Amino acid sequence: MPIESFIIKHKNIFVRENSRSGGIFTALTDIILDEKGIVYGCQFDSDYVAYHGRSETIEGRDRFRGSKYIQSDLKDTFRQVKKDLVDGRTVLFSGTSCQIAGLKAYCASVNTDNLYCIDIICHGVPSPMVWKDYLIYCEKKYGGKVTEVEFINKKRFGWKAHKESVWINGKEYDNVIFTHLFRDHNI
């Protein structure tokens with residue numbers, strides 16, 4: 001059986017500009033949230049550690065938007081998803097293929113008819129230690145504290161460029177997430 005694929009672009013330009021892949025995550029999660037469902041996704045904490053969180057609001061969901069090319073800490077997400085499904089809630093989980101496979105295996109004993117998954121195409125994610133070391137490298141190089149990170153800065157570089165930005169003490173440094181350093185851990 002052939003695999004179907006779709007190219008989707010959100011109609012709202014504001015949503016597209018604040019998304020990384022055309023706004024499909026926002027469109028799908030809007031439906032789930034409108035139906036009083038729950039959305040799970042990856043977000044940063046104040047130290048730029050990536051972790052999975054749970055939200056029943058648009059504001060919470062918005063923290064999950066944007067690319068994060070690092071391994072996320074799932075914490076107790078699988079247990080929460082399973083409980084939500086047992087409670088009859090509709091759940092949308094966004095994660096990598098291996099995270100989704102793990103979630104489905106964990107929830108195999110419950111009805112998953114209300115579980116929707118967005119499988120993020122993964123081209124390999126470095127460990128949290130590599131990311132932490134990289135942030136320390138940037139802070140030393142630019143002399144301050146990381147205050148913001150964008151893995152794909154479409155606002156500044158448009159749709160075709162894949163340029164990153166890191167803000168140190170509020171000052172933007174463009175295209176400083178050098179993938180050869182970050183991925184190969186040569187810092």
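A residue counts as buried when its relative accessible area is under 20%, and as exposed when that value is over 50%, with partly exposed in between. Keep those words in mind as you explore this predicted model.

**Stop 1: helix α5**

Select residues 97-106, which form helix α5. Which residues of this helix are buried? They are Q99, I100 and L103. Now look down the axis of α5: the buried residues fall within an arc of 95 degrees, so they line one face of the helix. Here is a handy rule for reading any such view: an α-helix has 3.6 residues a turn, so residues three or four places apart point the same way.

Turn to the face of α5 that looks away from the buried side, and you will find the exposed residues C98 and A105. Then go back to the buried side and show what surrounds it. The buried residues of α5 pack against β2, α4 (77-86), β3 (91-96) and β4 (115-120).

**Stop 2: H52 in strand β2**

Next, select residues 50-55, which make up strand β2, and pick out H52 within the strand. Is H52 buried or exposed? H52 has a relative accessible area of 5%, so this residue is buried.

Show the contacts of H52, leaving aside its neighbours within four places in sequence. Among them are G41, C42, D73, T77 and F93. The backbone oxygen of S94 lies 2.8 Å from a polar atom of the H52 side chain.

**Stop 3: charged pairs**

Side chains of opposite charge can pair when their charged atoms come close. How many salt bridges does a search of the whole structure find? The search finds 10.

- Select D76 and R79: they form a salt bridge with their closest N and O atoms 2.4 Å apart. D76 is partly exposed at 31% relative accessible area, and R79 is partly exposed at 46%.
- Select D87 and K83: their side chains meet in a salt bridge of 2.7 Å, N to O. Both ends are partly exposed, with D87 at 46% and K83 at 47%.
- Select E139 and K145: in this salt bridge the closest N and O atoms are 3.9 Å apart. K145 is partly exposed, with a relative accessible area of 42%.

Conventions. Residues are numbered from 1 along each chain as its sequence is written. This is a predicted model: local features need pLDDT of at least 70, side-chain atom pairs count only at pLDDT 80 or more; totals for chains, interfaces and linings use all residues. Side-chain values use heavy atoms; hydrogens and water are left out. Helices (H or I, at least four residues) and strands (E, at least two) are DSSP runs, numbered from the N terminus. Buried means under 20% relative accessible area, exposed over 50%, partly exposed in between (1.4 Å probe, protein chains only). A polar contact is a pair of N or O atoms within 3.5 Å; within protein, one must be able to donate a hydrogen and the other to accept it, and residues adjacent in sequence count only if both atoms are side-chain atoms. Contact means heavy atoms within 4.5 Å. A salt bridge is a side-chain nitrogen of Lys or Arg within 4 Å of a carboxyl oxygen of Asp or Glu. The arc is that of the directions from the helix axis to the C-beta atoms.
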